[in-house]
Amino acid sequence: MAGQDMRQLTPEELASAYYVAQARHARRTADRVQALWGELDRRDLTGSWENLVGPAVIKAVAEGQFAAVSGADDYVDAVATADGEPSQRVGRTRAAAFVGQAADGRSLDSLLYLPIITSKQAVAAGARDVEAMLAGLKQMLRIAASEVTDAGRGATGASMVGQRLISGYVRVVNPPACARCIILAGKEYGWNAGFQRHPRCDCVHMPTKLVARGRHHPGAFDSHAYFNSLSKTEQNRIFTAAGATAIRDGASISSVVNARRGMTTVAGQAGRRIRATTEGTARRSLYFQMERARAYRAGTANPRYPRRFRLQGPRLLPEQIYRVAGSRDEAIAMLRRYGYMGWSV
């Protein structure tokens, strides 16, 4: 959308348009990956993956990620300044920092090889070639689409931290949706709250200036209205027959879903594990060079021997930063330190 068009939209309309754009990036990536999957040699899956298909798939997903993250600052700023208030952006999101790695911190090449393993295991278990390849393809499409949308959400979250006008976000759900997303629809969160998601989740942030944390945003999404709009068959499919019956009898949708499945959590946040990544930590990376310069300034490394420098700790992922930061200023500083945000321009 052109800048003029964006200024004429409400936050809800901006969120809807942003969702459409993100879904388009995920769909295009999935289409490209599906076409590449068809070029695999079933007689030599590993060889054809490593020599031809694999690099092309990784490139396609990385390009999809870059497309999904590139518009984060424009989207957040459009919402923040929709009523004419001057922007208070203190840092621009580094799009490249969210590209080339999976949401759980591993490299894309490692994650994207899993469908090859799935197809091989299916063959070993006695499945026909066609069935084995379809099993791998199904997993590949899920991974590709999820990693594109996850990258977009990660960049949006970082962008909200860098825009001081934004106090938090409302979770925007786009039907059809699963039960877990429906009970979170319209719920308000602070700027430093991680975005709960599951594979193939396509919910998005709607940045907000005033947030009553944990409450539901009026008009953003009415879960009961959505439930009532579904056929009985769809109600039973999404919530199970027993759960749907309970809801029709007047039970709270959230209580039914929570009792049946429990709240979903962001991958890798169980317990107290630190969410970190080895991506972007090579010697030529911006993050490595920043950390080396920091060590020189602190006197903990000798600039006469640059090749002796080693990173002293892991590179945290944004959600881990939000969890440990004691204030917004500290979160901004940490996003800059770990290479996810630059300075405002």
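Modeller: A salt bridge here is a side-chain nitrogen of Lys or Arg within 4 Å of a carboxyl oxygen of Asp or Glu. The model is a predicted one, and every value below is computed from it.

Biologist: How many salt bridges does a search of the whole structure find?

Modeller: Side chains of opposite charge can pair when their charged atoms come close. With the cut-off of 4 Å from nitrogen to oxygen, the search of the whole structure gives a count of 15.

Biologist: Which parts of the sequence does the salt bridge of Lys 209 and Asp 83 tie together, and how many residues apart are they?

Modeller: The side chains of Lys 209 and Asp 83 meet at 2.8 Å, N to O. Lys 209 belongs to the loop between strand S3 (204-208) and helix H9 (223-229), whereas Asp 83 belongs to the loop between helix H4 (72-80) and helix H5 (108-112), so the pair ties together parts whose separation in sequence is 126 residues.

Biologist: Which residue of helix H15 does Glu 291 pair with?

Modeller: Glu 291 forms a salt bridge with Arg 294, with the closest N and O atoms 3.0 Å apart, and because these two residues are three apart in helix H13 (residues 286-298), about one helical turn separates them. Glu 291 also forms a salt bridge in which the closest N and O atoms are 3.1 Å apart. This second pair ties together parts that are 46 residues apart in sequence, since Glu 291 lies in helix H13 and its partner in helix H15 (residues 328-337), namely Arg 337.

Biologist: Is Glu 291 buried or exposed?

Modeller: Its two partners are Arg 294 and Arg 337; Arg 294 is partly exposed at 30% relative accessibility, and Arg 337 is partly exposed at 31%. Buried means a value under 20%, and Glu 291 has 9% relative accessibility, so Glu 291 counts as buried.

Biologist: Which residues of H4 are buried?

Modeller: H4 is mostly covered, with eight of its nine residues buried. Asp 73 and Asp 77 also take part, with Arg 89 and Arg 92, in a network of salt bridges. The buried residues of H4 are Ala 72, Asp 73, Tyr 75, Val 76, Asp 77, Ala 78, Val 79 and Ala 80.

Biologist: In S2, which residue is the bridge partner of Tyr 169?

Modeller: Strand S1 (residues 168-172) has five of its five residues buried, with Gly 168, Val 170 and Val 172 on one side and Tyr 169 and Arg 171 on the other. S1 and strand S2 (residues 188-190) run antiparallel and are joined by three bridges. In S2, the partner of Tyr 169 is Tyr 189.

Biologist: How many nonpolar, polar and charged residues does the contact of H2 with H7 have?

Modeller: The axes of H2 and helix H7 (residues 129-161) come within 9 Å and cross at roughly 150 degrees, and the crossing is right-handed. Among the residues making the contact are Tyr 18, Ala 26 and Trp 37 of H2, together with Met 133, Leu 141 and Thr 156 of H7. By class, the contact has twelve nonpolar, eight polar and no charged residues.

Biologist: How many Å apart in space are Gly 38 and Leu 137, C-alpha to C-alpha?

Modeller: Gly 38 lies in the loop between helix H2 (11-37) and helix H3 (45-70), and because its relative accessibility is 61%, Gly 38 counts as exposed. Gly 38 and Leu 137 are 99 residues apart in sequence, while their C-alpha to C-alpha distance in space is 9.0 Å.

Biologist: Which residues is Asn 174 in contact with, leaving aside its neighbours within four places in sequence?

Modeller: Asn 174 is placed in the loop between S1 and helix H8 (179-184), and because its relative accessible area is 11%, Asn 174 is buried. Asn 174 and Val 20 are 154 residues apart in sequence and 9.6 Å apart in space, C-alpha to C-alpha. Leaving aside those sequence neighbours, the contacts of Asn 174 are Tyr 19, Asp 202 and Val 204.

Methods. Residues are numbered from 1 along each chain as its sequence is written. This is a predicted model: local features need pLDDT of at least 70, side-chain atom pairs count only at pLDDT 80 or more; totals for chains, interfaces and linings use all residues. Side-chain values use heavy atoms; hydrogens and water are left out. Helices (H or I, at least four residues) and strands (E, at least two) are DSSP runs, numbered from the N terminus. Buried means under 20% relative accessible area, exposed over 50%, partly exposed in between (1.4 Å probe, protein chains only). Two strands pair if DSSP finds at least two bridges between them. Axes are lines fitted to C-alpha atoms, for helices over the stretch in contact, and angles run from 0 to 180 degrees between N-to-C directions. A crossing is left-handed if the near helix is turned anticlockwise from the far one by less than a right angle, and right-handed if clockwise. Contact means heavy atoms within 4.5 Å. Ala, Val, Leu, Ile, Met, Phe, Trp, Tyr, Cys and Pro count as nonpolar, Asp, Glu, Lys and Arg as charged, and the others, Gly among them, as polar.
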